[in-house]
Structures are given as C-alpha cells and as structure tokens.
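Biologist: I have a structure open here and would like to talk it through with you. Could you put it on the screen for both of us?
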Amino acid sequence: MSEPTNNTPAQETNTPAVSTSASQAVDPDQLAESLMNAIQTRTNRAETSVAKSFAEQYGMTEDEIKTILNAEKSKRAAQLPPEVQAQIDAANKLVIGAEIKTLGASMGLLDADAAMQLMDMSGVKLADGKVTGAQEALDALKESKPYLFGSSVQPKAWGQRQGGVPPKTDGVEAAFYAMNPELKA
C-alpha cells in the first residue's frame with residue numbers, strides 16, 4: 001500500500017483554527033490579532049514574490065529592488081493622508097485670502113473674492129506662518145485690471161462730505177460748534 005501524495009502547497013500553520021460553533025466564544029482581540037498576522041504574512045510573501053519577478057524582468061538583484069521599494073515606502077509614509085492634506089490646504093487658503101483682503105483694502109481693492117479668482121496665485125505662498133508674494137500679485141492685478149481698484153484714499157468718517165465745498169453753517173450750528181470746540185465741523 002502506498003501513501004497518497006499531496007501536490008498542493010502547504011497550508012498556513014500560523015493561523016489558529018477558529019470554530020464556527022455558537023457554543024464557543026471567540027475573543028475579538030485575539031481574532032483581530034490572528035487576522036492581522038495572517039495578512040502581514042501573506043503581504044510579505046507577495047512582496048517577496050513581486051520583488052523577485054521585477055528583479056528578473058529588469059535584470060537587477062532582489063536587494064536592489066528591495067532598496068528601491070523601501071525608499072518608496074519611506075517616501076509614502078512621510079506623506080500626509082489626502083483628507084488631512086486637503087484640510088491643511090483649505091486652512092492655508094483662508095490665511096492667504098485674509099492677507100489679500102487686508103492688503104487689497106489698503107490698495108483700494110473693491111472685490112477681494114473676484115480678485116483672488118482673477119489674480120495669478122502661483123507666487124503667493126504661506127511659509128512659517130507668513131504670506132509671501134501677495135503684494136506682488138496684487139500689484140500685477142492692479143496693473144492688468146485697474147477697474148477692480150477704486151481710490152486708495154481712505155474714506156472719511158460718516159457724516160463728513162466726501163469732497164467739494166464744505167456746507168455753510170447756519171447760526172445754530174455755528175453756536176453749537178462755538179460751545180463744543182472739541183468737535184470739528
């Protein structure tokens with residue numbers, strides 16, 4: 001009598017057998033640990049297989065391929081997840097927008113939102129908490145689209161005439177200002 005031969009690959013021995021019977025309680029933490037170990041083992045095996053294949057395909061050694069792979073893994077590990085990077089970019093955009101609005105107001109900018117849509121923002125950067133390039137971008141925008149800017153003269157206080165001849169005061173107003181010299185007409 002001969003023993004039957006098994007030509008199938010060896011089964012994984014590092015994962016515990018889990019019974020599906022309802023009478024046996026399964027520890028979720030132990031199950032999760034076993035699952036992660038099995039996935040890591042299979043991932044390592046697949047990585048080794050792919051590295052060997054690439055080494056043969058490109059005429060390199062497996063060590064050279066692994067060095068390239070490890071460098072790429074390090075580079076990707078240093079990157080922020082896309083959703084975190086999107087939040088940072090949105091916050092940076094708000095800071096840059098506030099700086100453009102502040103600088104633009106002193107230059108007589110009428111519509112900061114329209115200006116930010118029209119201006120070349122490629123030179124505007126936020127580094128170390130400081131916005132650079134905003135003044136230059138606003139100057140270029142003022143040169144190319146002057147209609148976005150009004151006069152850079154600060155408006156007068158409410159109630160004051162914006163230009164022209166001051167109004168003549170009548171006797172009541174003149175008496176009022178004479179009694180209250182700290183107020184200016």
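Biologist: Let me start with a single side chain: is lysine 101 buried, partly exposed or exposed?

Modeller: This is a predicted model, and in it lysine 101 counts as partly exposed, because its relative accessibility is 43%.

Biologist: Which residue does lysine 101 form a salt bridge with?

Modeller: Lysine 101 forms a salt bridge with aspartate 113, and the closest N and O atoms of the two are 3.7 Å apart. Lysine 101 belongs to helix H3, residues 82–107, while aspartate 113 belongs to helix H4, residues 112–118, so the pair ties together parts that are 12 residues apart in sequence. Aspartate 113 is partly exposed, with a relative accessibility of 46%.

Biologist: How many salt bridges does a search of the whole structure find?

Modeller: The search finds 4 salt bridges. One of them pairs glutamate 47 with lysine 73, where the closest N and O atoms are 2.7 Å apart. Since glutamate 47 sits in helix H1, residues 28–58, and lysine 73 sits in helix H2, this pair ties together parts that are 26 residues apart in sequence.

Biologist: Changing topic, which residues gather in a patch of negative charge on the surface?

Modeller: That patch brings together Glu56, Glu62, Asp63 and Glu64. Helix H2, which covers residues 62–78, provides the largest share of the patch, namely 3 residues. Glutamate 64 is found in helix H2 and counts as partly exposed, since its relative accessibility is 39%.

Biologist: What about nonpolar side chains, which ones make a surface patch?

Modeller: Val50, Phe54, Tyr58, Met60 and Ile68 make a nonpolar surface patch of about 470 Å². The most comes from H1, which gives 3 residues, whereas isoleucine 68 has its place in helix H2.

Biologist: Now zoom out for me: how many helices and strands does the protein have?

Modeller: The protein has 6 helices and 2 strands, and along the sequence they follow the pattern α-α-α-α-β-β-α-α.

Biologist: And what share of the residues counts as buried?

Modeller: Of the 185 residues of the protein, 14% count as buried. The accessible surface of the protein comes to about 15000 Å², and carbon and sulfur atoms hold 57% of that area.

Biologist: Last one, what share of the contacts with a separation of 6 or more joins residues 24 or more positions apart?

Modeller: Among contacts in the protein with a separation of 6 or more, residues 24 or more positions apart account for 49%.

Notes. Residues numbered from 1 in each chain as written. Predicted model: local features only at pLDDT ≥ 70, side-chain atom pairs only at ≥ 80, totals over all residues. Heavy atoms only, no water. Patch = residues over 30% accessible without salt bridge, like charges linked within 9 Å, V, L, I, M, F, W, Y side chains within 5 Å. Areas by Shrake-Rupley, 256 points an atom, 1.4 Å probe, with all protein chains shown as cover. Lys, Arg positive; Asp, Glu negative; His and termini not counted. Charge placed at Lys NZ, Arg CZ, Asp CG, Glu CD. Helix = DSSP H or I, 4+ residues; strand = E, 2+ residues; numbered from the N terminus. Buried < 20%, exposed > 50% of the residue type's maximum accessible area, 1.4 Å probe, protein only. Contact = heavy atoms within 4.5 Å.
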